[in-house]
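Subject: Structure handover

Hello,

Here is the structure I promised to pass on. Please open it and keep it beside you while you read.

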Amino acid sequence: MSGYRYFSQFYDNLTFNVDYKKRADYIQSVLSLYDHDWGLTLDLACGTGSLTLELKRRGVDVFGIDGSAEMLSVAMEKAYDAQLQVLFLCQQMEQLDLYGTIDTCVCTLDSLNHITDPEQLQKVFDRVALFMNPDGTFVFDVNTVYKHQQILANNTFVYDTDSVFCVWQNSLKENNIVNIELDLFEREGESYFRSSEHFSERAYEIDELISMLTKAGFEDIKVFHDMTMEPLRDDSDRAVFVARIKHAINRE
């Protein structure tokens, strides 16, 4: 996956429609289903840290990890501007390595879809489980197969904001993998400066993800239609998973 060398500069601007306060409220309500307190919380694949900082403002003991140094640079600048002390670490999800254990892990906005190799995704689940305390809870969302086949597919999207003009081109391949090409045109006065990024996302079947979670040691797995407590629909474009570790994983 690209390190988001250029995309990181425009990510927040292009995802202006994401309401992080509502998403934090939703995750809180999901955790309440388990009578689970946040405790020490990891925001995995935290990107530019918008959700991390929202949780910090709410008093959650949270830190963020992302594989992109460029995205984390933006996150640290935002934390500094907000006068919030948050630890950000640069690690790939499948190589997660913590100094201690956590009580909660969240991973949002289809970050796990960027893992296109099922074996590597299994490693992510294994690593999260490894560092979880008993009764630790994992909340994450993924783009569905429906979204990849019917919405992303081979379509092109155009975003025109005050700071950048973005052309987003998709190419649907086997195994529900979508190759994504971004052309970013940054405005400077009357001129535009072009940069490009590329990455891929894979949609997994729900049963496949449940099997991976179970193999990693997670139990009591629930799946919801995004931002609701309702079951998935045939046309759900995002699925939210909640899973719990009942007993500590052997770390030897």
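Leaving aside its neighbours within four places in sequence, which residues is I249 in contact with? They are A129, L130, A216 and G217, where contact means heavy atoms within 4.5 Å.

Before more detail, two ground rules. This is a predicted model, where local features need pLDDT of at least 70 and side-chain atom pairs count only at pLDDT 80 or more, while totals for chains, interfaces and linings use all residues. Residues are numbered from 1 along each chain as its sequence is written, and side-chain values use heavy atoms, with hydrogens and water left out.

Back to I249. This residue is found in the segment after β11 (238-245). Helices (H or I, at least four residues) and strands (E, at least two) are DSSP runs, numbered from the N terminus. I249 counts as partly exposed, because its relative accessibility is 25%. The scale is this: buried means under 20% relative accessible area, exposed means over 50%, and partly exposed is in between (1.4 Å probe, protein chains only). I249 and Y80 are 169 residues apart along the chain, and their C-alpha atoms are separated by 36 Å.

The annotated span

UniProt lists residues 42-136 as "domain: Methyltransferase", in an unreviewed entry. UniProt positions are given in the numbering used here, feature names are shortened, and annotations may be inferred rather than shown by experiment. The span is 36% helix and 24% strand. Its end C-alpha atoms lie 11 Å apart.

Look at helix α1 (residues 7-14) and helix α4 (residues 69-81). They pack at an angle of about 55°, with their axes 8 Å apart. That makes α1 oblique to α4. Axes are lines fitted to C-alpha atoms, for helices over the stretch in contact, and angles run from 0 to 180 degrees between N-to-C directions. Angles under 35 degrees count as roughly parallel, over 145 as roughly antiparallel, 65 to 115 as roughly perpendicular and the rest as oblique.

Which residues meet here, in α1 and in α4? S8, Y11 and D12 come from α1. E70, M71, V74 and K78 come from α4. By class, this contact of α1 with α4 has 3 nonpolar, 1 polar and 3 charged residues. Ala, Val, Leu, Ile, Met, Phe, Trp, Tyr, Cys and Pro count as nonpolar, Asp, Glu, Lys and Arg as charged, and the others, Gly among them, as polar.

Around helix α3

Helix α3 (residues 50-57) is largely enclosed by the rest of the structure, because 6 of its 8 residues are buried. The buried residues in α3 are S50, L51, T52, L53, E54 and L55. Just after α3, G59 takes a positive phi of about 90°.

A45 lies in the loop between β1 (40-44) and α3. Its phi is near 60°, a positive value in a residue other than glycine. A45 counts as buried, at 15% relative accessibility.

D220 is in strand β10 (residues 219-225). D220 also has a positive phi, about 50°, although it is not a glycine. At 37% relative accessibility, D220 counts as partly exposed.

Q169 lies in strand β7 (residues 164-172). Its relative accessible area is 34%, so Q169 is partly exposed. Q169 and T156 are 13 residues apart in sequence, yet 4.4 Å apart in space, C-alpha to C-alpha. Not counting residues up to four places away in sequence, Q169 touches N155, T156, N179, I180, E181 and D183.

D61 is in strand β2 (residues 61-66). D61 is partly exposed, with a relative accessible area of 45%. Not counting residues up to four places away in sequence, D61 touches G39, L40 and T41.

Cysteines

A disulfide is a covalent bond between the sulfur atoms of two cysteines. Here a disulfide is a pair of cysteine sulfur atoms within 2.5 Å. How many disulfides does this rule give? The count comes to 0. For C90, the nearest cysteine sulfur is that of C46, 9.4 Å away. C90 is partly exposed, with a relative accessible area of 47%. For C107, the nearest cysteine sulfur is that of C105, 6.4 Å away. C107 counts as buried, at 0% relative accessibility.

Best wishes
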